[in-house]
Amino acid sequence: MTSSNGERPATPDILEGVRVLDLGMVWAGSICGQVLSDFGADVVKVESRSNLDIARRGRPIIGTEYDPNQNPLFHNTSRNKRSLALNLKTEEGRDVLRRIVPHADILIENWRPGALPRLGFGYEELRKLRPDIIMISQTLAGQDGIDARLRAYGPTVGGITGLDSLVGYQGEAPLGMGHAYADPNVGLHSALLALSALERRRLTGEGAYIDVSMWEAMVAALATPLLDCELNGRVAGPLGDDAIPGAPAGVFACAGDDHWLVLEVHDDADWAGIVEAMAHPDWAADERFASAEGRLAAREELNEHVRAWTAPRDRDELAELLQGHGVIAAPCLAVSERLFDDHLLAREGFTWVENPVLGREPVYGQAIRLSETPGYVREPAPMLGQHSAEVLRELLDMSDEEIEALDEAGVLR
């Protein structure tokens with residue numbers, strides 16, 4: 001499969017020849033392998049019905065019977081990957097994985113601390129099988145420390161990192177993010193670390209063990225409130241629209257059902273632009289608004305004036321008008337609008353693929369753009385165990401009889 005414009009890059013993929021064993025699960029564990037696979041790595045997702053990836057679960061979209069091949073989350077995070085169904089609860093399954101490890105450059109996992117070592121696949125055991133292997137372990141709080149064994153999903157991480165404490169209306173209790181933002185955040189951290197480890201190995205010949213904490217990766221993304229607390233003694237809380245800097249600034253209702261516009265005015269040039277866009281209303285001549293400091297002091301009054309101006313007007317036309325006057329403004333798009341946005345489609349922010357079960361469906365594109373070796377979606381996400389026989393023949397030179405025997409023994413399930 002090529003990219004959605006029908007063209008496959010003429011140059012080799014930048015990670016061609018790199019093989020990854022992806023034992024990652026859900027969203028956080030799958031993003032690292034997805035990024036590597038988009039740039040040409042051969043990513044083999046090792047999975048099993050006995051410990052089914054949550055990203056494969058969910059209600060059926062077609063029919064009424066449960067089907068692990070229908071979840072769109074899995075279709076997005078596991079495109080370009082090959083699926084090897086391998087029951088690691090069996091000794092035969094663990095033996096197959098031991099035999100495959102020497103053929104891998106990277107192993108990714110986000111199991112609970114100690115889970116893989118108990119099965120015989122800790123980093124030291126892996127090094128005996130492949131001395132220069134790179135192992136990436138993602139957990140909530142790292143492999144050691146007093147909270148290392150805490151369990152959590154992405155939304156929980158929003159709580160313990162302080163992210164949730166910042167989301168809500170000013171002066172009221174936090175509402176929380178309600179979104180697993182920590183999942184893609186740690187996945188992208190892991191992809192960067194994987195590439196760094198590959199380069200280090202190229203230079204030194206040495207592998208690496210990478211311990212990635214979702215907690216710490218998320219805290220690193222919240223630098224501003226942490227620095228404000230450290231330097232100024234201020235403890236950040238919910239700010240509502242006031243979290244958007246500037247004056248006037250915020251999210252403003254427009255004509256239509258649930259149509260909103262976000263805008264920010266920071267300096268005198270921005271102010272001149274919005275005044276021009278509003279056709280110089282009389283209230284804008286107030287001398288209090290002549291400086292950024294004065295406008296900040298009168299922020300709520302300014303916002304009321306802007307609310308009255310935006311309320312009867314079309315959101316998209318306002319965004320275009322304001323942008324034309326140099327003002328930072330954009331429509332707040334619904335999910336469906338993002339999916340079919342002309343700009344995102346033109347830049348392949350979404351790519352259409354042919355899924356074996358659901359048919360033609362969109363998956364998100366690769367936001368990282370390299371000029372000569374662009375990442376792209378080659379294949380849809382695999383069916384569970386779709387490539388088991390192929391991988392075993394290719395890497396272990398297994399015969400059809402050997403593969404059939406493993407299948408009958410419940411190893412390839």
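This is a predicted model: local features need pLDDT of at least 70, side-chain atom pairs count only at pLDDT 80 or more; totals for chains, interfaces and linings use all residues.
Residues are numbered from 1 along each chain as its sequence is written, and side-chain values use heavy atoms, with hydrogens and water left out.

Student: How many residues of helix 1 are buried?
Tutor: Helices are DSSP runs of H or I with at least four residues, strands are runs of E with at least two, and both are numbered from the N terminus. Buried means under 20% relative accessible area, exposed over 50%, and partly exposed in between, with a 1.4 Å probe and protein chains only. Helix 1 covers residues 28-38 and is largely enclosed by the rest of the structure, because the buried count is 11 of the 11 residues.

Student: Which residue just after helix 1 takes a positive phi?
Tutor: Helix 1 consists of residues 28-38. Just after it, a phi of about 105 degrees is found at glycine 40.

Student: Is aspartate 22 buried or exposed, and which side chain does it contact?
Tutor: Aspartate 22 is part of strand 1 (residues 19-23). Its relative accessibility is 0%, so it counts as buried. A polar contact is a pair of N or O atoms within 3.5 Å; within protein, one must be able to donate a hydrogen and the other to accept it, and residues adjacent in sequence count only if both atoms are side-chain atoms. At 2.7 Å, the side-chain partner of aspartate 22 is lysine 81.

Student: What kind of aromatic pair do tryptophan 271 and phenylalanine 289 form?
Tutor: Rings of Phe, Tyr and Trp (its six-membered ring) pair if their centres lie within 6.5 Å; planes under 30 degrees apart count as stacked, over 60 as edge-to-face and the rest as tilted. Here the centres are 6.0 Å apart and the planes are at 70 degrees, so the pair is edge-to-face.

Student: Which residues are linked into a cluster by ring pairs?
Tutor: Tryptophan 283 and phenylalanine 289 also form an edge-to-face pair, with 6.3 Å from centre to centre and 75 degrees between the planes. Phenylalanine 289 has 1% relative accessibility and therefore counts as buried. The ring pairs link Trp271, Trp283 and Phe289.

Student: Which ring does arginine 56 lie over?
Tutor: A charge sits over a ring if NZ of Lys or CZ of Arg is within 6 Å of the ring centre and within 35 degrees of the ring normal. Arginine 56 is 3.7 Å from the ring centre of phenylalanine 74.
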